[in-house]
Amino acid sequence: LPNACVLAYHVIGRDLMRWVVTPDGVDAAHFRFSRHILEGQANRLLRACADGNPGVEAGELADVLLNPFDDLLETHRRVVVVSTGPLAALPFHALPRRGKPLGTTHVVSYLPAASLLMQTPLDDPLSGYGTVVVGDPAFDSASHPNLRRLPGAALEAAVVGRLHRARHVMIDTAATEERLRETLRGRAIVHLAAHGYIDEIAPNTSAIVLAGNDHLTVARKH
């Protein structure tokens with residue numbers, strides 16, 4: 001698409017590599033940034049977003065991740081973000097640009113790898129059928145003492161389910177692994193509004209936290 005760009009980020013030690021891909025070409029830049037500081041800012045931003053206030057970390061991260069591409073973002077309203085490592089879970093749509101969250105002025109999408117765009121064109125019709133929605137699973141608080149329930153995610157799930165006329169909307173205690181796995185196969189859209197965690201050493205054990213002591217990972221296959 002002529003008004004779309006890909007912003008890709010990769011952290012190697014203390015080095016942050018940034019790429020921008022547009023229909024006109026590819027540009028790359030290097031930034032020296034302590035991984036420990038970067039991880040801390042990203043984690044604090046995630047916690048602050050849970051309280052509805054991104055805080056100063058959002059602006060600090062925007063200075064490094066968005067501001068170098070400000071002129072490009074002025075002419076490209078569709079942004080596809082590819083990020084790894086400590087930036088993998090970062091909500092780029094919440095980062096400020098010119099006083100407003102990026103998500104309010106741009107269409108922001110995420111991909112785990114830019115190479116996926118070579119397989120399926122941007123905005124290609126989704127294959128499969130139906131929608132599965134999960135929101136605010138009632139996880140066991142004793143097993144996850146550092147997590148809080150997400151009432152906003154329950155509302156989000158209900159609205160998404162209604163908009164997509166989803167037959168399977170799993171909220172609270174209904175969001176179990178067994179029920180979710182039974183409905184996943186062949187779906188066009190799977191919307192997960194829940195806690196998750198990333199294991200960089202063993203990525204296959206990264207998981208979405210579900211009801212009770214259940215988790216959804218790619219490590220288990222049927």
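Reply: In this predicted model, the second largest pocket holds about 240 Å³ of space. Sort the lining by class and you get eleven nonpolar residues, one polar and no charged ones.

Now for the packed parts. In soluble globular proteins, nonpolar side chains tend to be buried together. The largest nonpolar core here has 27 residues, and Leu7, Tyr9, Leu65, Leu90 and Leu95 are the ones touching the most other members. Strand 1 and strand 2 turn up again: along with helix 1, helix 2, helix 3 and strand 4, each supplies at least two residues of this core. Helix 2 has the largest share, five residues.

Zoom in on Leu65: setting aside neighbours within four places in sequence, Leu65 is in contact with Tyr9, Leu16, Leu87, Leu90, Phe92 and Leu95. There's also a second, separate core of seven residues, including Val134, Met170, Leu210 and Leu216.

One last stop is Arg97, which sits in strand 5. Arg97 counts as buried because its relative accessibility is 6%, and the cut-off for buried is under 20%. Not counting residues up to four places away in sequence, Arg97 touches Asp70, Leu73, Glu74, Leu102 and His106.

How values were computed. Residues numbered from 1 in each chain as written. Predicted model: local features only at pLDDT ≥ 70, side-chain atom pairs only at ≥ 80, totals over all residues. Heavy atoms only, no water. Helix = DSSP H or I, 4+ residues; strand = E, 2+ residues; numbered from the N terminus. Buried < 20%, exposed > 50% of the residue type's maximum accessible area, 1.4 Å probe, protein only. Contact = heavy atoms within 4.5 Å. Core = buried A, V, L, I, M, F, W, Y, C linked by side-chain atoms within 4.5 Å. 1 Å grid on protein atoms, 1.4 Å probe; cavity = no way out; pocket = protein on both sides within 12 Å on 5 of 7 lines; lining within 4 Å. Points joined across faces, edges and corners; volume = space filled by probe spheres on them. Nonpolar A, V, L, I, M, F, W, Y, C, P; charged D, E, K, R; others polar.
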